[in-house]
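Here are my notes on the model you sent over. Please read them with the structure open.

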Amino acid sequence: TVASAQQVLLIPESSGDTVGMYDPFDGTYIGDIITGHVDFSTPINAILGPDGNIYVADQIADAVFVFDTAGNYLLTYADSTDGMNNIRGISFFGTNLFICSGDDYVAEFSGPHIRETDFINDGSEPFDLYFLPDGRSIMADIGGSTDNVRLYDATGTLDSVIFNVNFPEQVQDLGGGLYISAAFSAGQITTFDLTSSISSIPFSSGRGVYGLGNGNILATSGAGVFELDPTTGATINTIRSGISARFIEFADIPTG
């Protein structure tokens, strides 16, 4: 028997403490994959790990929870006992998990409750971290007098500031050497390469962002999930309203 997979976008929503599934082509809401976890407080980022399980970062619970793809809770990977506080974006590189914290570091874990030396601890305040295939990473920094999106080398050392923007949240790959980031306080979504910003569209209080297969932009805020025109920022479709939606991540969910 050949196992099959369903390609989805995972979006936590912190008003109902669920993780929803959405279509990567047009953003259509499919349904919830995780509901009712008793320890959820503010789930912010859900990613598929290299082990095929779903890792959910919870900002207020100060924890990363692990679930199988049927939505069953398996274990707590990291929490306050590991020094975690105010968790934002999480990313895997290889089998290690990297956790952005409001305590001004990107922690690195090699396994459940196995914390290594911090990957980044340079006075910045990381909100999200996106790894390039070569181990370099793009980080959304909300600390300091000038918030920015910045590039780090594979050792976690700052390479350069790509562009300044007020309160950047999620960073994602747009393809073709381009990347995209939603900025909460700036009220914009910026397209950029590894040297500078290229263009931006307006979007109020943005959190998560993703380039859909149909060429449009999927974006989230405290008001819901929206499909946007990539040129003007105009709302093409309100996918869901009245939910506090967070980061957006692509995942291949096994179905058999």
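**Notes on the predicted model**

1. Surface first. The protein chain has an accessible surface of about 9,800 Å². Carbon and sulfur atoms account for 47% of that surface. Keep in mind that this is a predicted model.

2. Overall dimensions. A compact globule of 256 residues would have a radius of gyration near 18 Å, and the protein chain has 17 Å, so the two agree. Along the principal axes, the C-alpha atoms fill a box of roughly 45 × 45 × 35 Å. Buried residues make up 54% of the 256 residues.

3. Secondary structure. The protein chain has 24 strands and 0 helices. Take contacts between residues at least 6 apart in sequence: 41% of them join residues at least 24 apart.

4. Nonpolar cores. Which residues have the most contacts inside the largest core? They are Tyr55, Val64, Ile90, Leu97, Ile99 and Ile138, in a core of 32 residues. A second, separate core has 15 residues, among them Ile34, Val56, Ala63 and Ile253.

5. Four strands form an open sheet in the order 16-17-18-19, with antiparallel pairing. Strand 16 (168-175) and strand 19 (197-202) are at the edges with a single partner strand each, so one side of each lacks a neighbour in the sheet. From one strand to the next, the twist averages 20°.

6. Strand 17 (residues 178-183) pairs with strand 18 (residues 188-192) over 5 bridges, in the antiparallel sense. The bridge partner of Ile180 in strand 18 is Thr191.

Note on methods. Residues are numbered from 1 along each chain as its sequence is written. This is a predicted model: local features need pLDDT of at least 70, side-chain atom pairs count only at pLDDT 80 or more; totals for chains, interfaces and linings use all residues. Side-chain values use heavy atoms; hydrogens and water are left out. A nonpolar core is a set of buried Ala, Val, Leu, Ile, Met, Phe, Trp, Tyr and Cys residues joined through side-chain atoms within 4.5 Å. Buried means under 20% relative accessible area, exposed over 50%, partly exposed in between (1.4 Å probe, protein chains only). Two strands pair if DSSP finds at least two bridges between them. Helices (H or I, at least four residues) and strands (E, at least two) are DSSP runs, numbered from the N terminus. Axes are lines fitted to C-alpha atoms, for helices over the stretch in contact, and angles run from 0 to 180 degrees between N-to-C directions. The radius of gyration is taken over C-alpha atoms; the globule rule is 2.2 Å times the number of residues to the power 0.38. Contact means heavy atoms within 4.5 Å. Accessible areas come from the Shrake-Rupley method with a 1.4 Å probe; for residues, only the protein chains shown count as cover.
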